[in-house]
Structure formats: structure tokens, C-alpha cells
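Reader: I would like to learn how to read a model of this kind, beginning with the ligand and then moving to the sheet and the loops. Could you take me through it step by step?

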Amino acid sequence: MRHCTMARSIDNRLRRSASASRSGETGRGPATFTAFGLAAEAEALAPGLYVVATPIGNLSDMSLRALATLAAADAVLAEDTRVTKTLLAHYGITTPLVAYHEHSGDAVRARLLGRIRDGQALALVSDAGTPLVSDPGYRLVEEAIGLDLKVVPIPGASAALAALVIAGLPTDRFFFEGFLPAKAGARRARLAALAAIPGTLVLYEAPHRLSESLADAAAVLGNRQASVARELTKFYETVRRGTLAGLAELYGSEPAPRGEIVLLIGPPDPNEQAGLAAAGLEEKLLAALGQYSVKDAAAVVAGETGLPKRDVYGRALALARAAREG
Ligand code: SAM
């Protein structure tokens, strides 16, 4: 096995005899993993549920703490045990795997939470990235908290944040939406519901739906700035930036891309929003003026829109006057 200074220091920091307690209880050997070609021994874990992020493509995006946690846990709860088996094998981890996925029912959760109550440390992972982020685990975490069990995050990769930080779109506020509905009507309705959010929208998207979703987003949200991040951290990592309409045209003119995709859409232009709000106000006032006096129409619309009464009254007066004067 190759040795290097960095590897030796990892080894020294992580090598503790505490994992002997695990081997005593489970009959397994000490909790070890290999990194930089060197075996390291992980410290024992306090009983609890450890929510562990794993790479979104590049296996090196694995923190030392995540490796030590997976190595020292009594079991790794995996969305797909075959996928996680490959990751564990890559790092020489032999912790037993247990399936935990979106179809796992109450009985499975009760059994797993019982193991934690009995003193075990369980590590939850998904196929890629951070569990619970468009991935299973929410109910398990919720129930663990309800039972007053220790729940520990072991942070790491997530496609949403990786895509956001290289999108070139505002990062001060963002909204994670996950996957849009697959059907066009529901997708447009969902986009309309997101239209007023004053931050960058972060969406996960299937490659075969990308060009449709871009076109729908352009139609519903206007021609905002956007970014498409594909195969992040992998060999074919690509980022395309542009307007929604431009990207819709680009992706519509070529075969559907392959791989995994995050779509990011910039926030609405505040001036455009104000224009839309003003247009909405005028429409509402005209309808109300058909039914009520100027004063009452202004009161009704101010109540509906939340806009200041004085401003709405001024606008109502102007509209009523314009209508009178033909
Ligand atoms: N829990 C994961 C996370 O933290 O990113 C996300 C799981 S979700 C089921 C899978 C979706 O994440 C993919 O369809 C894609 O939209 C996005 N994704 C995952 N890995 C990606 C990558 N390497 N590049 C771009 N998008 C990725």
C-alpha cells in the first residue's frame, strides 16, 4: 500500500480503538476504510441516524467524515444497495447494507428506529448526493426526531448547490423546486405558481423533457436568464447559459441530451413585475368600476391586491375620468 504524508496524518487522526466496541457487538472487525491507498480506522459513533451525502458522479467528492461514518456505522441504509455497494467497495468499507427507499413502509421504519433506540448508529445514503433532497429519507428523519433520537448531518455533494454556484445567476436568494410535473398542463401551472418568487429557481429535470420545460418556462415566466448544468463532476460536465427562449431553441434543435440535468432560472426583473402588477391593477379596477362607485371600487381592489388605498383610488379616479371623457 502506498504511503504519503497526508495519508499518514489521516491515518493517525482516524485510528482509534473505539471501533472495537462495534466489532464486539456485531462480530465484525474494526471499522476501516481506505483513502489515498492507506487504511484508516474510524472512531465509534454515538447511537443515532447519520444522514450522509455521497458523490453526484465523481467518487472523490466524498468527505473523510462521510467515509469514517459509513465505516463505523452498524448498517448503511441505501436507496439502491447495488449502487452503494460500489461506493463502499471503492473505499474498502464492509459495513452491511440495508435497503431503504421510497417504498419502505412503516414497519421497515419502525424496525430501523428500534435499532437506533437499542444503541446502534445507522447511516442513511441515497444513490447520489444528499439524501432527502428529491430523495428518500424525510419520514425516517421526521420519525427519528419524534422519538428524540440523535439525527446528524454529514454534509457533502448536492447537484442543486453545485449547479447554482456556477450558473452565473443570483445566489443571494434561491428556491429549490426539485422536479416539475411531467404533464404539460400541470407543469405550466406549477411554473405560474413560481413566477413571483424573487430568487433563482433551481429545478431537477429529466433530459428528454428539458426542451419542453425550457419552452414552457419561457412562455410562463418570460424570457429570463437561465442555465442548464449537465453531468456535473463527471467526464461530460457541461454548462450552457443564456435566455430561456434561446436555450429552448438550442435544445429543441438537437437530440435530447444524455445524463443528469439541473435547470436554473434567474429571478423576475423587478421592473417587469411592477409592470405586470400595474396591468393587473388596471384590469381589476375596470371590472370593479363596472359594478361599484369609484370609492368602493378602489376599496375592493385595494383589499384584493394589498396595494395602498390612496394609490388605488388615484388610479380608479383616472380610469373613471378617462372612461367618461371617452
Ligand atoms: N439527492 C440528490 C442531490 O442531492 O443532488 C438528487 C437526487 S434526484 C433523484 C436526481 C436528480 O438530481 C437528477 O435527475 C438531476 O436532475 C440531478 N443530478 C444528480 N446528479 C447530477 C449531476 N451529476 N449533474 C447534474 N444533475 C444531477
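**Ligand, sheet and loop**

Author: The shell around the ligand draws at least three residues from each of domain 1 (5-156) and domain 2 (160-267), the domain bounds coming from an automatic or database domain assignment. This is a predicted model, in which local features need pLDDT of at least 70 and side-chain atom pairs count only at pLDDT 80 or more, while totals for chains, interfaces and linings use all residues. Residues are numbered from 1 along each chain as its sequence is written.

Reader: Which residues come nearest to the ligand?

Author: A residue is near a molecule if its C-beta atom, placed from the backbone, lies within 6 Å of it. Of the 23 residues around the ligand, those that come nearest are Gly129, Ser158, Ala159, Tyr204 and Glu260. Two or more residues of the shell are given by each of α7 (159-164), β9 (200-205), β10 (225-230) and β12 (261-265), where helices (H or I, at least four residues) and strands (E, at least two) are DSSP runs numbered from the N terminus.

Reader: In what order do the strands of the open sheet run?

Author: Strands of a sheet pair through backbone hydrogen bonds, either parallel or antiparallel. Two strands count as paired if DSSP finds at least two bridges between them. Here an open sheet of 5 strands has the order β8-β9-β12-β10-β11, with mixed pairing. Its edge strands, each pairing on one side only, are β8 (174-179) and β11 (238-243). β10 and β11 pair in the antiparallel sense over 6 bridges, and the bridge partner of Ala226 in β11 is Gly242.

Reader: Which helix lies across β10, β11 and β12?

Author: Helix α10 (residues 244-252) lies across these strands and runs at about 125° to β11. Axes are lines fitted to C-alpha atoms, for helices over the stretch in contact (C-beta atoms, placed from the backbone, within 7 Å), and angles run from 0 to 180 degrees between N-to-C directions.

Reader: What is phi in Glu231 and in Thr233?

Author: Most residues other than glycine have a negative phi. In Glu231, however, phi is near 55°, a positive value, and in Thr233 phi is near 70°, also positive. Glu231 is placed in the loop between β10 and β11, and Thr233 lies in the loop between β10 and β11 as well.

Reader: Why does Glu231 count as partly exposed?

Author: A residue is buried if 20 or more other C-beta atoms, placed from the backbone, lie within 10 Å of its own, exposed if 12 or fewer, and partly exposed in between. Glu231 counts as partly exposed because it has 19 C-beta neighbours inside 10 Å, and Thr233 is partly exposed with 16 other C-beta atoms within 10 Å.

Conventions: Two residues are in contact if their C-beta atoms, placed from the backbone, lie within 7 Å.
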